[in-house]
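Subject: Structure handover

Hello,

The structure is below, for you to open alongside this message. My notes follow it.

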Amino acid sequence: MKKLILLLALIMLVTTSSSPVLAEDKKELVWGGDSEGGFPYMFPNPKNTDELIGFEVDIVEALAEQMGRKPVYVNNAWENLIPGLNRKLYDISINGLEVTPEHKEVVNFSIPYYKTYLQLAVRKGDNSIKTLEDCKGKKVGTLKESFAQELLEEIGDIDIRTYNVEANTYEDLANGRLDAAFFDHPIALYSAGFNPEIKFVGPEVGELEYAIAVRKEDKELLTEVNKALVALRDSGKLREIYDRWNLWTPKMAAEFNDYSPSKVEPSRYNEWAEAHRPQLTFAKRLERYADALPAFGRAAVVTMQVSITAMILAIALGLTLAITRVFAPKWIASLATLYIEIVRGTPVLIQLFFIFYGLPSIGVKFSPFWAGAIGLGLNYAAYEAEIYRSGLFAIPRTQWESALALGMTRWQAMREVILPQAVRVVIPPITNDFISLLKDSSLVSIITMVDLTKAYGQISATYYDYFGPGIIVAVIYLLLGLPFVRFARYTERRLAEVEKDGKYGHRENIYRSSTRYI
Amino acid sequence: MNINNKPLIVVENLCKGFEDGEVLKNVSFTIREGDLASIIGPSGCGKSTFLRCLNCLELLDSGSISIAGVTISRRPGQVPDEKMLDIAHEIRSEVGMVFQSYNLFPHKTIIENLMLAPMVVKKQPKEEAYELAINLLDKVGLKGFASKYPSTLSGGQSQRAAIARALAMNPRVMLYDEPTSALDPELVGEVLQVMKDLDSEGMTQIIVTHEMKFARDASDYIIFMDNGEIVEYDDGDILFTSPKSERTKAFLRHFVNTGVA
């Protein structure tokens, strides 16, 4: 017990001191974005999924160079980018963040680096929708918590469907699950600009400003960023980036007061369109999947690391809880019961969010890895505790009595007689729990970790393909769980052997219809 | 029975109750070293509770128990403290107990069952514990079963192993709680024989039993309990042939009628 507390204290110490790189480090420009943020903002390169590309990546690189810093990337889910910034996971955030009043309340924004508008898209054959007004009574997809969503809500009477991943929206539009998609123009362009089934309709709607978010207190950094942005604009470097990504629009021309024709080819856009326009041959697809395997492999390692660490924590804490519930004085035992009830009664997703984003406000900070491992560990400890408790109670009281009658102390009886028997009873359910923990570890993808599930999202969003990667990731999960499934079977069989029911057949077959029980 | 032997167990005014009422009411008695005493009586008369109080598996409510010089006593209403629990533990290490359901440790072999307590409690070296265990198994006729698991033994073999396991702690007293009740009739004899052998070696033993013939033949004296009290307490033959109490007579009549005694 003491050792365990010590261990936990140690873990906290290590993780709080080694938490993500902080603002003090002057040489780096630590920036946060979402690798699933989507094209053309930032996304894994389809040719090499380890590389993050996108026009915002180009901007950050140019910005860092201008500022004389080295860019360091921290990945986070898009909807958590601003909380993550205030949690000091990174110093600036750039990923299509719109300057909205709500955002301005919690962070400062640089001058906008890009201005655009919202674009309505419908199926090619559909002539019923020409403007936003026509969308009344129709199903319209848009990005969750975006300006576009607010606009749609203002119009009213629209069946709004919000998405995290743009690609899904246009897929749903193409196959009829939606009547229209309403997105920032860059997203629309890269999702459907080359799609023969989809057309853009209506005028430019609204005005969107993308800007770089900086923490309120980092005033100097904000000035530095603004200065660099102005310099990049004036030197034409920003324009060059937009040209290459085919994002130089009349709106931007007006904004930068630069009406000169483009000097560079939209090479990045062409690559993208080329990769997505033609239907891929089967062999090409397989080749692509093979390219993605190393990324999946690394993600699988992350999944295993988090799961195993969480399981070790769960087993240790679960044992402590179970022993407390069974042996401690009533009021301490009821504390353990309370813990178990609270943890089992609330979603693990909420617990992870709370640990990662909630606890820092009272000064407790964990790295994403430890937040995930501790979150899952604390959660599963509650289930483990109940398993151990039932394991302890599965051992007849007479075993306890005969150990005491032999002169053993309570602790000796527990250690030598009860626990060794209880362990045999609980190994199969514990193994099952581990398999389920392995799957629940997919939840750590929401706290910036690139585990298997996150990798699936990234790679699928890149390739616009949720089918093949889905099968690959499912197979990997199955393979990871397989050794534990086998182990559970093995221990169950061993247990059955000790119970010796050989004469009347294996107990597994008791309930199967056989001649004996007719 | 050797009346010159000193009292080994002295029980005075032992009371024990559970939530649903009093089970033992002011029980007092004495057993001399080397005696074999049988406790008989109808079901629910408190004889098992009495035995469990003797080795402190149940802590007495009031009264005193003195075994081999170790005394545990409690005033009515006294809250048991750490010291009292220590004494209870000390008494348990002087007393061996055998249960109706054997209670061998299923995860250990027979020899490991015997070696466990000496090694854990007395810190005996493994070789010494093994030597002792194998001798005891030989004594109860189970030498060949040393490395078998309890689940492979018959009831009679299991009970003999359980007796050997208790003996491995070298107790001053052996208590048996209905040791033959769970056995098939043809296996009862082998267990009773072990107890007879121990008696001839001078072991002090108390047996709660329904085996009237054994009680009558082998016991130095018999205790008849009813309703939480010791009703009669006499030499086996005397108690069976001329019981003083009406309750004893009524109880024995039942056995005579069924032809057991």
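Predicted model: local features only at pLDDT ≥ 70, side-chain atom pairs only at ≥ 80, totals over all residues.

Five strands of chain A form an open, mixed sheet, in the order β9-β8-β10-β7-β11. Which strands stand at the edges? They are β9 (159–163) and β11 (198–210) of chain A. Each has a single partner strand, so one side of each has no neighbour in the sheet. On average, neighbouring strands are turned by 20 degrees against each other, direction ignored.

Helix α5 (147–155) of chain A packs on this sheet. It touches β7, β8 (139–143), β9, β10 (180–184) and β11 of chain A. Its direction makes about 150 degrees with that of β8(A). Helix α7 (185–192) of chain A lies across β7, β10 and β11 of chain A. It runs at about 45 degrees to β7(A).

Strand β7 (114–123) of chain A deserves a look of its own. Eight bridges join β7(A) to β11(A), and the two run antiparallel. In that pairing, A:Tyr114 has A:Tyr210 as its bridge partner, and A:Arg123 stands opposite A:Ile198. Five bridges join β7(A) to β10(A), again antiparallel. There, A:Gln119 stands opposite A:Phe183. Why is β7(A) largely enclosed by the rest of the structure? Because seven of its ten residues are buried.

**Where the chains meet**

The contact takes 18 residues from chain A and 18 residues from chain B. On the chain A side, the elements that give two or more residues are α16 (397–405) and α17 (410–440) of chain A. By class, that side has seven nonpolar, seven polar and four charged residues.

**Chain B**

Chain B has nine helices and ten strands. Of its 261 residues, 43% count as buried. Take the contacts in chain B with a separation of 6 or more: residues 24 or more positions apart account for 64% of them.

Helix α2 (82–94) of chain B has 13 residues. It reaches 19 Å from its first C-alpha to its last, close to the 18 Å expected at 1.5 Å a residue. Its buried residues are B:Ala88, B:Ile91, B:Arg92 and B:Ser93. What covers them? The cover includes α16 of chain A, together with β4 (62–67), β5 (70–74), β6 and α3 of chain B.

Most residues other than glycine have a negative phi.

- B:Tyr102 has a positive phi, near 60 degrees. It is found in the loop between β6 (95–98) and α3 (110–121) of chain B.
- B:Asn227 is not a glycine either, and its phi is positive at about 55 degrees. It is found in the loop between β9 (221–226) and β10 (229–234) of chain B.

Are these two buried or exposed? B:Tyr102 is buried, because 24 other C-beta atoms lie within 10 Å and the cut-off is 20 or more. B:Asn227 is partly exposed, with 14 other C-beta atoms within 10 Å.

Best wishes

Notes: Residues numbered from 1 in each chain as written. Chains lettered and ligands numbered in written order. Helix = DSSP H or I, 4+ residues; strand = E, 2+ residues; numbered from the N terminus. Buried ≥ 20, exposed ≤ 12 C-beta atoms within 10 Å, placed from the backbone. Contact = placed C-beta atoms within 7 Å. Expected span 1.5 Å × (residues − 1). Nonpolar A, V, L, I, M, F, W, Y, C, P; charged D, E, K, R; others polar. Pairing = 2+ DSSP bridges. Axes fitted to C-alpha atoms, helices over the stretch in contact; angles between N-to-C directions.
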